[in-house]
Every structure is written in C-alpha cells, then in structure tokens.
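Dear colleague,

I am passing on the model we spoke about, with the sequence alongside it. Please have a look at it before reading my notes.

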Amino acid sequence: MCEVSEKIFDEGRLEGKLEGKLAAALNMKKKGYSEDIIADILEVGLNVVQQWLSGNTVNS
C-alpha cells in the first residue's frame with residue numbers, strides 16, 4: 001500500500017508542477033514574452049508552450 005501511496009503522491013506533485021508552469025507561461029505571454037523565451041525559462045519544449053497557450057493542455 002505504501003508504494004501505491006507514493007506513486008499517487010508523485011503523480012500529484014508532477015501535475016502540480018505542470019500546472020504552475022502553465023500558469024507562469026500564460027502570465028509571461030500576457031507580459032509580452034515570446035514563446036521561445038517562455039520555453040527556455042520554464043525548461044519545457046516549445047511545442048508544449050504552444051499547446052498551453054492555445055488552450056490545449058492535453059499531453060503537456
């Protein structure tokens with residue numbers, strides 16, 4: 001049971017990090033940052049940033 005709990009916790013933590021990066025990406029876009037710069041700062045792929053900014057968060 002402990003391994004299952006750890007897996008759920010780790011998945012939740014990862015999801016939380018991605019949600020934080022998504023929020024940061026949206027904020028940076030509002031402030032005029034380019035998609036390239038956002039991807040570089042958040043250390044994610046450009047295609048991920050483009051998906052986020054288009055409103056598609058699937059496979060992020």
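Below is what I found in it.

This is a predicted model, in which local features need pLDDT of at least 70 and side-chain atom pairs count only at pLDDT 80 or more, while totals for chains, interfaces and linings use all residues. Residues are numbered from 1 along each chain as its sequence is written, and side-chain values use heavy atoms, with hydrogens and water left out.

The chain has three helices and zero strands (DSSP runs, H or I of at least four residues for helices and E of at least two for strands, numbered from the N terminus). Its radius of gyration (over C-alpha atoms) is 14 Å, well over the 10 Å that the globule rule (2.2 Å times the number of residues to the power 0.38) gives for 60 residues, so the chain is more spread out than a compact globule. The C-alpha trace spans about 45 × 15 × 15 Å along its principal axes.

Of the 60 residues, 17% count as buried (under 20% relative accessible area, with exposed over 50% and partly exposed in between, using a 1.4 Å probe and protein chains only).

In H3 the buried residues are Val48, Val49 and Trp52. They cover an arc of only 100° around the axis (taken from the directions from the helix axis to the C-beta atoms), which puts them on the same side of H3. Glycine 55, which follows H3, has a positive phi near 95°.

Isoleucine 37 lies in helix H2, and counts as partly exposed because its relative accessibility is 40%.

Best wishes
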